[in-house]
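Open the structure in your viewer and keep the selection tool ready. We will go stop by stop.

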Amino acid sequence: MRYVKPLSLFQDLLKTNGLERGRLLGLDVGSKYIGLAVSDINNKIASPLSVLLRKKSNIELMADDLKCLISELSLEGFVVGFPLDRRKSTTESVLVKLFIDELCNTNKLTGIKYTYWDEHLTSKTVEMLLKPLNLHPVHSKIFVDKFAAVNILQQQWRKSLKWEDNVGARPRPQFDSEELVQWY
C-alpha cells in the first residue's frame with residue numbers, strides 16, 4: 001500500500017479514462033469493527049458495503065478480504081477515516097494509523113493507494129440520524145459503521161471537487177435529484 005495525499009488520489013482518478021476508472025473504498029476504522037463503503041463507477045456517490053470484524057489476530061484475513069474487494073469492485077484506492085480533534089492527533093487516530101501499518105506489513109495490498117480523511121464526528125452524525133428509529137444496539141452499530149464510511153468517502157470526494165472548482169480546473173458534476181432519491 002502506498003500513501004498519497006487526498007487531492008492526489010482524486011486527481012489520479014480524474015486522469016484515467018471513464019471506462020478504466022477505478023472506485024474508492026471508504027474505511028471507518030473502529031476498535032471492534034471497520035465500516036466499508038464503496039463509490040459508484042463515476043465516483044460521485046458512496047454506498048454502504050459491509051462491516052469487518054477487527055481483531056489483532058485476523059489482520060491477514062482482513063487483508064485477504066480487502067484484496068478480493070479490490071479485484072471484485074475495481075478499487076483504485078482507500079479513503080481511511082482519520083479522527084482529528086482540532087487538527088491534533090487523538091488516541092483513536094493512533095489506532096487507525098497502527099491498523100493501516102499492519103495492513104501494509106501484510107504485503108498483500110501492494111499497488112493500492114490510500115489516503116487519510118478527517119472523520120471528525122461522522123459516527124456521531126449517523127448515530128443522531130438513527131436514534132429516532134430505535135434500532136437494536138447491534139443493528140445500530142452496524143449501520144453507524146457502514147454509513148460513517150459513506151460519510152467519509154462522500155466528504156473526501158466533495159471537498160476535492162470543491163477544491164478543483166476553486167482553481168477552475170474542472171466543473172463540478174451536477175447531481176440529478178432522481179439519482180439522489182434512488183440512492184436513499
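**Before you start.** This is a predicted model: local features need pLDDT of at least 70, side-chain atom pairs count only at pLDDT 80 or more, and totals for chains, interfaces and linings use all residues. Residues are numbered from 1 along each chain as its sequence is written, and side-chain values use heavy atoms, with hydrogens and water left out.

**Stop 1: Lys113 and Asp12.** The structure holds 5 salt bridges. A salt bridge here is a side-chain nitrogen of Lys or Arg within 4 Å of a carboxyl oxygen of Asp or Glu. Select lysine 113 and aspartate 12: their side chains form one, at 3.1 Å from N to O. Lysine 113 sits in strand S8 (residues 113-118) and aspartate 12 in helix H1 (residues 6-15), so the pair ties together parts 101 residues apart in sequence. Helices (H or I, at least four residues) and strands (E, at least two) are DSSP runs, numbered from the N terminus.

Aspartate 12 is partly exposed, at 23%. Buried means under 20% relative accessible area, exposed means over 50%, and partly exposed lies in between (1.4 Å probe, protein chains only).

**Stop 2: Glu60 and Lys108.** Now select glutamate 60 and lysine 108. Their salt bridge has its closest N and O atoms 3.1 Å apart. Glutamate 60 is in helix H2 (residues 59-73), while lysine 108 is in the loop between H3 and S8, 48 residues apart. Glutamate 60 is partly exposed at 38%. Lysine 108 is partly exposed at 23%.

**Stop 3: along helix H3.** Select lysine 97 and aspartate 101. Both lie in helix H3, 4 residues apart, about one turn of the helix. Lysine 97 is partly exposed at 34%, and so is aspartate 101 at 28%.

Stay in H3 (residues 91-105) and pick leucine 95. Leucine 95 is partly exposed, at 38%.

**Stop 4: Asn151.** Finish at asparagine 151, in helix H5 (residues 137-167). Asparagine 151 is buried, with a relative accessible area of 19%. What does asparagine 151 contact, leaving aside neighbours within four places in sequence? Select Thr122 and Thr125: asparagine 151 is in contact with both. Contact means heavy atoms within 4.5 Å.
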